[in-house]
Amino acid sequence: MSNINGKLYAMNAITPMKPWKTWILRLIFFLLWHIKSKQADLINLSFIQFARWVIIPRNRFPSLSSDQKQETLKYDYLLFFSNFNGTWNQYIDAFSDVLSDGLNLIWRWSEKFPGSVPVTGFKEYIARVQFDTDYYYTSYPQATANDTKAAHIVVAALDTLAAQAETQTPEQFQAAYLQFVLAAQANLGGLGEAPAVF
Amino acid sequence: MSNQNGSVYGLTFLCPILNDAAASPSHDLQIRNYLSKLDTGAGSPFAIAPGTHLARLAVMDDVIYVGSPAIEEHLQSKYLVFETNCDSDLEPYLRGLVGAVTSHIDAIWQHCTGYPGCADFSRLLAYMKACQITTSFFFAAVNNKTVPQTLVALQTQQAVAQFIASHQGMEPVQLQREFLDFIQWLRSQPPPAPGVGGPLRAIQTGGHNE
(Lines give C-alpha, C1' and ligand atoms only; values in the text may rest on other atoms or scores of the structure.)
Protein backbone atom coordinates (compact mmCIF):
# COMPACT_ATOMS: atom_id res chain seq x y z
CA MET A 1 0.00 0.00 0.00
CA SER A 2 1.36 3.37 -1.00
CA ASN A 3 -1.08 6.23 -0.71
CA ILE A 4 1.68 8.83 -0.47
CA ASN A 5 4.45 9.94 -2.79
CA GLY A 6 6.37 13.08 -1.85
CA LYS A 7 3.84 15.80 -1.11
CA LEU A 8 0.92 13.97 -2.67
CA TYR A 9 -1.76 11.70 -1.29
CA ALA A 10 -3.74 9.37 -3.56
CA MET A 11 -7.31 8.75 -2.53
CA ASN A 12 -9.63 6.19 -4.10
CA ALA A 13 -13.28 5.80 -3.16
CA ILE A 14 -16.13 3.73 -4.57
CA THR A 15 -19.81 4.22 -3.78
CA PRO A 16 -22.94 2.40 -4.98
CA MET A 17 -25.74 4.23 -6.76
CA LYS A 18 -29.17 3.13 -7.89
CA PRO A 19 -28.98 3.04 -11.70
CA TRP A 20 -31.75 5.59 -12.27
CA LYS A 21 -29.83 8.10 -10.17
CA THR A 22 -26.77 7.72 -12.36
CA TRP A 23 -28.46 9.73 -15.09
CA ILE A 24 -29.03 12.63 -12.75
CA LEU A 25 -25.38 12.60 -11.79
CA ARG A 26 -24.32 12.50 -15.43
CA LEU A 27 -26.42 15.60 -16.03
CA ILE A 28 -24.80 17.31 -13.02
CA PHE A 29 -21.32 16.50 -14.31
CA PHE A 30 -22.32 17.82 -17.71
CA LEU A 31 -23.45 21.11 -16.18
CA LEU A 32 -20.40 21.36 -13.90
CA TRP A 33 -18.15 20.85 -16.90
CA HIS A 34 -19.79 23.48 -19.05
CA ILE A 35 -20.41 26.11 -16.37
CA LYS A 36 -16.83 26.89 -15.43
CA SER A 37 -17.84 29.26 -12.63
CA LYS A 38 -19.18 26.22 -10.77
CA GLN A 39 -15.62 24.85 -10.64
CA ALA A 40 -14.29 27.96 -8.89
CA ASP A 41 -14.28 26.47 -5.38
CA LEU A 42 -12.51 23.34 -6.61
CA ILE A 43 -9.86 25.50 -8.29
CA ASN A 44 -9.56 27.83 -5.31
CA LEU A 45 -8.96 24.94 -2.91
CA SER A 46 -5.53 24.90 -4.56
CA PHE A 47 -4.26 21.66 -3.09
CA ILE A 48 -5.71 19.28 -5.64
CA GLN A 49 -3.47 18.57 -8.63
CA PHE A 50 -5.82 16.19 -10.41
CA ALA A 51 -9.17 14.68 -9.47
CA ARG A 52 -11.79 12.68 -11.31
CA TRP A 53 -15.13 10.98 -10.92
CA VAL A 54 -15.88 7.93 -13.02
CA ILE A 55 -19.32 6.33 -13.27
CA ILE A 56 -19.29 2.60 -13.98
CA PRO A 57 -22.68 1.24 -15.01
CA ARG A 58 -23.41 -2.14 -13.40
CA ASN A 59 -23.28 -3.92 -16.77
CA ARG A 60 -20.11 -2.19 -17.99
CA PHE A 61 -17.47 -3.79 -15.80
CA PRO A 62 -14.97 -5.05 -18.40
CA SER A 63 -15.44 -8.66 -19.45
CA LEU A 64 -12.40 -9.97 -21.26
CA SER A 65 -12.89 -13.70 -21.52
CA SER A 66 -15.60 -16.33 -21.56
CA ASP A 67 -13.82 -17.84 -18.56
CA GLN A 68 -14.43 -14.68 -16.56
CA LYS A 69 -17.55 -14.82 -14.39
CA GLN A 70 -20.03 -12.13 -15.38
CA GLU A 71 -20.78 -9.45 -12.84
CA THR A 72 -24.35 -9.51 -11.56
CA LEU A 73 -24.60 -6.14 -9.88
CA LYS A 74 -27.70 -4.22 -8.92
CA TYR A 75 -25.94 -0.88 -8.44
CA ASP A 76 -23.95 1.38 -10.71
CA TYR A 77 -20.76 2.59 -9.02
CA LEU A 78 -19.13 5.97 -8.66
CA LEU A 79 -15.34 5.95 -8.47
CA PHE A 80 -13.50 8.98 -7.14
CA PHE A 81 -9.76 9.50 -7.52
CA SER A 82 -7.99 12.48 -6.02
CA ASN A 83 -4.37 13.64 -5.89
CA PHE A 84 -4.01 16.20 -3.14
CA ASN A 85 -1.41 17.87 -0.91
CA GLY A 86 -1.63 17.55 2.84
CA THR A 87 -3.18 15.06 5.17
CA TRP A 88 -6.35 13.04 4.85
CA ASN A 89 -8.02 14.98 7.65
CA GLN A 90 -7.03 18.36 6.22
CA TYR A 91 -8.42 17.33 2.86
CA ILE A 92 -11.76 16.09 4.12
CA ASP A 93 -12.11 19.07 6.47
CA ALA A 94 -11.46 21.51 3.63
CA PHE A 95 -13.80 19.65 1.31
CA SER A 96 -16.52 19.76 3.92
CA ASP A 97 -15.94 23.44 4.74
CA VAL A 98 -15.52 24.84 1.25
CA LEU A 99 -17.24 22.46 -1.12
CA SER A 100 -20.10 21.05 0.92
CA ASP A 101 -22.80 22.06 -1.57
CA GLY A 102 -20.85 20.72 -4.52
CA LEU A 103 -20.00 17.46 -2.78
CA ASN A 104 -23.58 16.93 -1.70
CA LEU A 105 -24.67 17.53 -5.27
CA ILE A 106 -22.32 14.79 -6.50
CA TRP A 107 -22.53 12.19 -3.71
CA ARG A 108 -26.11 12.54 -2.54
CA TRP A 109 -27.04 10.00 -5.25
CA SER A 110 -24.81 7.37 -3.62
CA GLU A 111 -26.35 4.99 -1.12
CA LYS A 112 -26.20 6.02 2.52
CA PHE A 113 -24.31 9.24 1.85
CA PRO A 114 -24.77 11.23 5.06
CA GLY A 115 -24.01 14.69 3.64
CA SER A 116 -20.69 16.50 3.88
CA VAL A 117 -21.76 18.52 6.94
CA PRO A 118 -21.35 17.73 9.80
CA VAL A 119 -17.91 16.45 8.97
CA THR A 120 -17.84 13.53 11.44
CA GLY A 121 -20.35 11.45 9.50
CA PHE A 122 -18.78 12.50 6.21
CA LYS A 123 -15.35 11.28 7.37
CA GLU A 124 -16.78 7.98 8.54
CA TYR A 125 -18.42 7.48 5.17
CA ILE A 126 -15.27 8.33 3.16
CA ALA A 127 -13.15 6.07 5.38
CA ARG A 128 -15.62 3.25 4.76
CA VAL A 129 -15.70 3.59 0.96
CA GLN A 130 -12.00 4.29 0.46
CA PHE A 131 -9.63 1.64 -0.85
CA ASP A 132 -5.86 1.87 -0.81
CA THR A 133 -3.44 2.56 -3.61
CA ASP A 134 -0.82 -0.13 -4.27
CA TYR A 135 1.51 1.98 -6.39
CA TYR A 136 1.67 5.74 -6.70
CA TYR A 137 3.88 7.77 -9.01
CA THR A 138 4.29 11.50 -9.57
CA SER A 139 6.71 13.24 -11.91
CA TYR A 140 7.24 16.08 -9.44
CA PRO A 141 6.98 14.70 -5.90
CA GLN A 142 8.64 17.78 -4.42
CA ALA A 143 5.95 20.15 -5.67
CA THR A 144 2.46 20.99 -4.51
CA ALA A 145 -0.34 22.13 -6.80
CA ASN A 146 0.43 25.73 -5.80
CA ASP A 147 4.13 25.22 -6.55
CA THR A 148 3.40 24.10 -10.10
CA LYS A 149 0.97 26.96 -10.72
CA ALA A 150 3.47 29.46 -9.30
CA ALA A 151 6.36 28.04 -11.34
CA HIS A 152 4.48 28.51 -14.60
CA ILE A 153 3.68 32.12 -13.64
CA VAL A 154 7.39 32.78 -12.98
CA VAL A 155 8.38 31.26 -16.33
CA ALA A 156 5.87 33.39 -18.23
CA ALA A 157 7.09 36.58 -16.52
CA LEU A 158 10.75 35.61 -17.01
CA ASP A 159 10.22 34.94 -20.72
CA THR A 160 8.72 38.40 -21.15
CA LEU A 161 11.63 40.03 -19.33
CA ALA A 162 14.24 38.01 -21.21
CA ALA A 163 12.72 38.88 -24.59
CA GLN A 164 13.28 42.59 -23.90
CA ALA A 165 16.55 42.42 -21.99
CA GLU A 166 19.02 42.41 -24.85
CA THR A 167 17.64 45.48 -26.57
CA GLN A 168 17.04 47.64 -23.49
CA THR A 169 19.40 50.18 -22.02
CA PRO A 170 20.68 49.23 -18.54
CA GLU A 171 18.30 51.75 -16.97
CA GLN A 172 15.32 50.43 -18.92
CA PHE A 173 16.29 46.91 -17.97
CA GLN A 174 16.59 47.81 -14.30
CA ALA A 175 13.06 49.24 -14.31
CA ALA A 176 11.68 46.17 -16.13
CA TYR A 177 13.59 43.86 -13.78
CA LEU A 178 12.09 45.62 -10.77
CA GLN A 179 8.60 45.17 -12.21
CA PHE A 180 9.41 41.50 -12.82
CA VAL A 181 10.53 40.99 -9.23
CA LEU A 182 7.38 42.69 -7.93
CA ALA A 183 5.20 40.51 -10.14
CA ALA A 184 7.03 37.26 -9.45
CA GLN A 185 7.89 37.57 -5.78
CA ALA A 186 4.73 35.91 -4.53
CA ASN A 187 5.50 32.87 -6.67
CA LEU A 188 9.09 32.19 -5.65
CA GLY A 189 8.69 29.88 -2.67
CA GLY A 190 11.15 27.08 -2.15
CA LEU A 191 10.26 23.41 -2.52
CA GLY A 192 10.87 22.42 1.06
CA GLU A 193 9.80 19.47 3.16
CA ALA A 194 6.16 18.53 3.25
CA PRO A 195 4.41 18.82 6.59
CA ALA A 196 4.31 15.57 8.49
CA VAL A 197 1.39 13.44 7.38
CA PHE A 198 1.59 10.50 9.71
CA MET B 1 -16.95 15.92 -19.77
CA SER B 2 -14.51 13.34 -21.02
CA ASN B 3 -11.05 11.94 -20.63
CA GLN B 4 -9.48 15.28 -21.51
CA ASN B 5 -9.11 18.63 -19.76
CA GLY B 6 -7.16 21.16 -21.80
CA SER B 7 -4.11 19.33 -23.08
CA VAL B 8 -4.08 16.82 -20.19
CA TYR B 9 -5.68 13.39 -20.37
CA GLY B 10 -7.23 11.46 -17.50
CA LEU B 11 -7.33 7.80 -18.49
CA THR B 12 -8.98 5.17 -16.32
CA PHE B 13 -8.77 1.40 -16.73
CA LEU B 14 -10.38 -1.48 -14.88
CA CYS B 15 -8.62 -4.73 -15.72
CA PRO B 16 -10.12 -7.96 -14.36
CA ILE B 17 -7.55 -10.07 -12.53
CA LEU B 18 -7.24 -13.80 -13.19
CA ASN B 19 -9.24 -15.82 -10.73
CA ASP B 20 -7.30 -19.07 -10.58
CA ALA B 21 -7.83 -21.13 -7.44
CA ALA B 22 -4.68 -23.14 -8.25
CA ALA B 23 -2.45 -20.07 -8.32
CA SER B 24 -0.40 -19.63 -5.19
CA PRO B 25 -0.04 -16.89 -4.24
CA SER B 26 -3.16 -15.63 -5.96
CA HIS B 27 -2.76 -13.34 -8.94
CA ASP B 28 -3.93 -10.25 -7.06
CA LEU B 29 -1.29 -10.87 -4.41
CA GLN B 30 1.36 -11.36 -7.08
CA ILE B 31 0.45 -7.96 -8.53
CA ARG B 32 0.57 -6.35 -5.11
CA ASN B 33 3.90 -7.98 -4.38
CA TYR B 34 5.40 -6.70 -7.64
CA LEU B 35 4.05 -3.20 -7.14
CA SER B 36 5.36 -3.02 -3.59
CA LYS B 37 8.90 -3.45 -4.92
CA LEU B 38 8.56 -1.18 -7.92
CA ASP B 39 10.60 2.05 -7.85
CA THR B 40 8.44 5.15 -7.35
CA GLY B 41 11.23 7.61 -8.20
CA ALA B 42 13.48 8.07 -11.20
CA GLY B 43 13.49 4.32 -11.86
CA SER B 44 9.70 4.14 -12.09
CA PRO B 45 8.34 2.83 -15.39
CA PHE B 46 6.26 6.01 -15.53
CA ALA B 47 9.41 8.13 -15.18
CA ILE B 48 11.26 6.15 -17.83
CA ALA B 49 8.38 6.27 -20.31
CA PRO B 50 7.32 9.75 -21.46
CA GLY B 51 4.34 11.84 -20.55
CA THR B 52 2.99 10.81 -17.13
CA HIS B 53 2.19 13.56 -14.62
CA LEU B 54 0.75 11.21 -12.01
CA ALA B 55 -0.32 7.57 -12.11
CA ARG B 56 -1.59 4.98 -9.70
CA LEU B 57 -2.28 1.29 -9.64
CA ALA B 58 -4.61 -0.29 -7.11
CA VAL B 59 -6.08 -3.73 -6.70
CA MET B 60 -9.80 -3.35 -6.07
CA ASP B 61 -10.78 -6.43 -4.13
CA ASP B 62 -14.50 -5.82 -4.12
CA VAL B 63 -17.17 -3.16 -4.11
CA ILE B 64 -17.99 -1.77 -0.70
CA TYR B 65 -21.13 -2.45 1.27
CA VAL B 66 -22.24 0.78 2.91
CA GLY B 67 -24.75 -0.77 5.29
CA SER B 68 -28.49 -1.41 5.52
CA PRO B 69 -30.82 -0.66 3.77
CA ALA B 70 -28.39 -0.80 0.82
CA ILE B 71 -28.10 -4.16 -0.91
CA GLU B 72 -24.96 -6.13 -0.18
CA GLU B 73 -23.34 -7.36 -3.37
CA HIS B 74 -19.91 -8.54 -4.44
CA LEU B 75 -17.73 -8.60 -7.51
CA GLN B 76 -17.03 -11.86 -9.30
CA SER B 77 -13.50 -10.71 -10.13
CA LYS B 78 -10.93 -8.49 -8.52
CA TYR B 79 -9.84 -5.60 -10.72
CA LEU B 80 -6.57 -3.83 -11.29
CA VAL B 81 -7.37 -0.11 -11.38
CA PHE B 82 -4.97 1.95 -13.49
CA GLU B 83 -5.47 5.70 -13.30
CA THR B 84 -3.13 8.02 -15.12
CA ASN B 85 -2.90 11.75 -15.76
CA CYS B 86 -0.84 12.16 -18.89
CA ASP B 87 0.05 14.28 -21.91
CA SER B 88 -1.54 12.22 -24.66
CA ASP B 89 -4.47 9.98 -25.47
CA LEU B 90 -4.42 6.23 -25.08
CA GLU B 91 -2.66 5.08 -28.25
CA PRO B 92 0.42 7.35 -28.18
CA TYR B 93 0.63 7.05 -24.41
CA LEU B 94 0.51 3.28 -24.52
CA ARG B 95 3.03 3.24 -27.35
CA GLY B 96 5.39 5.25 -25.16
CA LEU B 97 5.00 2.81 -22.28
CA VAL B 98 5.49 -0.22 -24.47
CA GLY B 99 8.52 1.34 -26.12
CA ALA B 100 10.21 2.00 -22.80
CA VAL B 101 9.06 -0.43 -20.13
CA THR B 102 7.66 -3.57 -21.77
CA SER B 103 8.94 -5.89 -19.05
CA HIS B 104 7.14 -3.99 -16.29
CA ILE B 105 3.87 -3.90 -18.20
CA ASP B 106 4.03 -7.61 -18.89
CA ALA B 107 5.02 -8.38 -15.29
CA ILE B 108 2.01 -6.51 -13.92
CA TRP B 109 -0.67 -7.24 -16.48
CA GLN B 110 0.18 -10.92 -17.04
CA HIS B 111 -2.03 -11.54 -14.02
CA CYS B 112 -5.04 -9.99 -15.75
CA THR B 113 -7.72 -11.80 -17.70
CA GLY B 114 -7.34 -11.62 -21.47
CA TYR B 115 -4.04 -9.71 -21.38
CA PRO B 116 -2.40 -10.33 -24.77
CA GLY B 117 1.14 -9.15 -23.94
CA CYS B 118 3.07 -6.23 -25.40
CA ALA B 119 4.48 -8.06 -28.42
CA ASP B 120 1.43 -7.36 -30.60
CA PHE B 121 0.65 -3.66 -30.08
CA SER B 122 -2.68 -3.71 -31.90
CA ARG B 123 -3.96 -6.50 -29.65
CA LEU B 124 -2.65 -4.69 -26.58
CA LEU B 125 -4.39 -1.49 -27.66
CA ALA B 126 -7.66 -3.37 -28.21
CA TYR B 127 -7.31 -4.93 -24.76
CA MET B 128 -6.70 -1.58 -23.06
CA LYS B 129 -9.64 -0.03 -24.91
CA ALA B 130 -11.83 -2.88 -23.67
CA CYS B 131 -10.68 -2.13 -20.11
CA GLN B 132 -11.02 1.65 -20.38
CA ILE B 133 -13.79 3.46 -18.54
CA THR B 134 -14.68 6.94 -19.71
CA THR B 135 -13.98 9.56 -17.10
CA SER B 136 -17.17 11.37 -16.12
CA PHE B 137 -15.59 14.54 -14.72
CA PHE B 138 -11.90 15.36 -14.86
CA PHE B 139 -10.30 18.23 -12.95
CA ALA B 140 -6.71 19.40 -13.52
CA ALA B 141 -5.21 22.30 -11.57
CA VAL B 142 -2.83 22.98 -14.48
CA ASN B 143 -4.29 21.73 -17.73
CA ASN B 144 -2.12 23.27 -20.43
CA LYS B 145 1.43 22.16 -19.61
CA THR B 146 3.32 18.98 -20.41
CA VAL B 147 5.44 17.05 -17.91
CA PRO B 148 8.74 18.46 -19.28
CA GLN B 149 7.31 22.00 -19.24
CA THR B 150 6.32 21.64 -15.58
CA LEU B 151 9.67 20.15 -14.59
CA VAL B 152 11.53 22.96 -16.36
CA ALA B 153 9.21 25.53 -14.75
CA LEU B 154 9.97 24.20 -11.27
CA GLN B 155 13.69 24.26 -12.02
CA THR B 156 13.40 27.80 -13.37
CA GLN B 157 11.41 28.98 -10.35
CA GLN B 158 14.13 27.84 -7.96
CA ALA B 159 16.93 29.31 -10.07
CA VAL B 160 15.16 32.66 -10.40
CA ALA B 161 14.63 32.87 -6.64
CA GLN B 162 18.36 32.33 -6.10
CA PHE B 163 19.27 34.86 -8.80
CA ILE B 164 17.06 37.54 -7.30
CA ALA B 165 18.36 36.92 -3.78
CA SER B 166 21.97 37.18 -4.89
CA HIS B 167 21.59 40.27 -7.11
CA GLN B 168 19.96 42.75 -4.82
CA GLY B 169 21.16 46.36 -5.10
CA MET B 170 23.36 45.67 -8.13
CA GLU B 171 24.24 48.41 -10.62
CA PRO B 172 22.08 48.34 -13.79
CA VAL B 173 24.90 47.56 -16.22
CA GLN B 174 26.18 44.61 -14.21
CA LEU B 175 22.65 43.41 -13.43
CA GLN B 176 21.72 43.34 -17.11
CA ARG B 177 24.91 41.52 -18.10
CA GLU B 178 24.55 38.92 -15.36
CA PHE B 179 20.87 38.45 -16.13
CA LEU B 180 21.64 37.71 -19.78
CA ASP B 181 24.34 35.24 -18.71
CA PHE B 182 21.85 33.69 -16.29
CA ILE B 183 19.22 33.25 -19.03
CA GLN B 184 21.80 31.66 -21.32
CA TRP B 185 22.89 29.29 -18.55
CA LEU B 186 19.31 28.46 -17.59
CA ARG B 187 18.35 27.58 -21.14
CA SER B 188 21.38 25.34 -21.53
CA GLN B 189 20.37 23.23 -18.55
CA PRO B 190 18.94 19.79 -19.27
CA PRO B 191 15.35 19.34 -18.10
CA PRO B 192 15.19 17.73 -14.66
CA ALA B 193 14.49 14.02 -14.53
CA PRO B 194 10.90 13.16 -13.65
CA GLY B 195 10.08 11.43 -10.38
CA VAL B 196 13.02 12.75 -8.36
CA GLY B 197 13.42 15.33 -5.65
CA GLY B 198 10.68 14.22 -3.34
CA PRO B 199 11.07 14.50 0.40
CA LEU B 200 12.67 11.43 1.89
CA ARG B 201 9.94 9.47 3.55
CA ALA B 202 10.42 5.99 4.90
CA ILE B 203 6.72 5.42 5.48
CA GLN B 204 4.40 5.70 2.49
CA THR B 205 1.27 4.19 3.89
CA GLY B 206 -0.80 7.24 4.79
CA GLY B 207 -3.91 5.26 5.59
CA HIS B 208 -7.40 6.51 6.28
CA ASN B 209 -8.47 9.08 8.79
CA GLU B 210 -5.09 10.16 10.10
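The model is predicted. Chain B has 6 helices and 6 strands, and across all chains there are 34 aromatic pairs. Let's take the topics in turn.

**Chain B as a whole**

- Starting at the N terminus, the elements of chain B follow the order β-β-α-α-β-β-α-α-β-β-α-α.
- The radius of gyration of chain B is 22 Å, whereas a compact globule of 210 residues would have one near 17 Å.
- Along the principal axes, the C-alpha atoms of chain B occupy a box of roughly 75 × 45 × 35 Å.
- Of the 210 residues in chain B, 52% are buried.
- Among contacts in chain B with a separation of 6 or more, 73% are between residues 24 or more positions apart.
- Chain B has an accessible surface of about 9000 Å², and carbon and sulfur atoms contribute 53% of that surface.

**Where chains A and B meet**

- Strand β6 of chain A (residues 135-138) runs antiparallel to strand β3 of chain B (residues 52-60), and 4 bridges join the two.
- Within that pairing, Y137(A) faces A55(B) of β3(B).
- Y135(A) and Y137(A) point to one side of β6(A), while Y136(A) and T138(A) point to the other, and all are buried.
- On the helical side, Q176(B) belongs to helix α6 of chain B, residues 172-188.
- Q176(B) has a relative accessibility of 9%, so this residue counts as buried.
- Leaving aside residues up to four places away in sequence, Q176(B) touches A165(A), Q168(A), T169(A), P170(A) and F173(A).

**Aromatic pairs in chain A**

- One of the 34 aromatic pairs is formed by F80(A) and F95(A), which counts as tilted because the planes are at 40° and the centres 6.4 Å apart.
- This pair ties together parts 15 residues apart in sequence, because F80(A) sits in strand β4 (residues 76-85) and F95(A) in helix α3 (residues 88-98) of chain A.
- F80(A) is buried, at 1% relative accessibility, and F95(A) is buried too, at 2%.
- F113(A) and F122(A) make an edge-to-face pair, with 6.0 Å from centre to centre and 90° between the planes.
- F113(A) counts as buried with a relative accessible area of 13%, and F122(A) counts as buried at 1% relative accessibility.

**Charges over rings**

- In chain A, K36(A) lies over the face of W33(A), 4.2 Å from the ring centre.
- In chain B, the charged end of R95(B) sits over the ring of F121(B), at 4.1 Å from the ring's centre.

**Backbone details worth a look**

- V117(A) and P118(A) are joined by a cis peptide bond, with omega about 0°.
- P118(A) is located in the loop between α4 (100-107) and α5 (119-129) of chain A.
- The loop between α4 and α5 of chain A also holds K112(A), a residue other than glycine whose phi is positive, near 65°.
- K112(A) has 41% relative accessibility, so this lysine counts as partly exposed.
- In chain B, a cis peptide bond links S68(B) to P69(B), with omega about 10°.
- P69(B) is placed in the loop between β3 and β4 (79-86) of chain B.

Technical notes
Residues are numbered from 1 along each chain as its sequence is written. Chains are lettered from A and ligands numbered from 1 in the order in which they are written. This is a predicted model: local features need pLDDT of at least 70, side-chain atom pairs count only at pLDDT 80 or more; totals for chains, interfaces and linings use all residues. Side-chain values use heavy atoms; hydrogens and water are left out. Rings of Phe, Tyr and Trp (its six-membered ring) pair if their centres lie within 6.5 Å; planes under 30 degrees apart count as stacked, over 60 as edge-to-face and the rest as tilted. Buried means under 20% relative accessible area, exposed over 50%, partly exposed in between (1.4 Å probe, protein chains only). A charge sits over a ring if NZ of Lys or CZ of Arg is within 6 Å of the ring centre and within 35 degrees of the ring normal. Contact means heavy atoms within 4.5 Å. Two strands pair if DSSP finds at least two bridges between them. The radius of gyration is taken over C-alpha atoms; the globule rule is 2.2 Å times the number of residues to the power 0.38. Accessible areas come from the Shrake-Rupley method with a 1.4 Å probe; for residues, only the protein chains shown count as cover.
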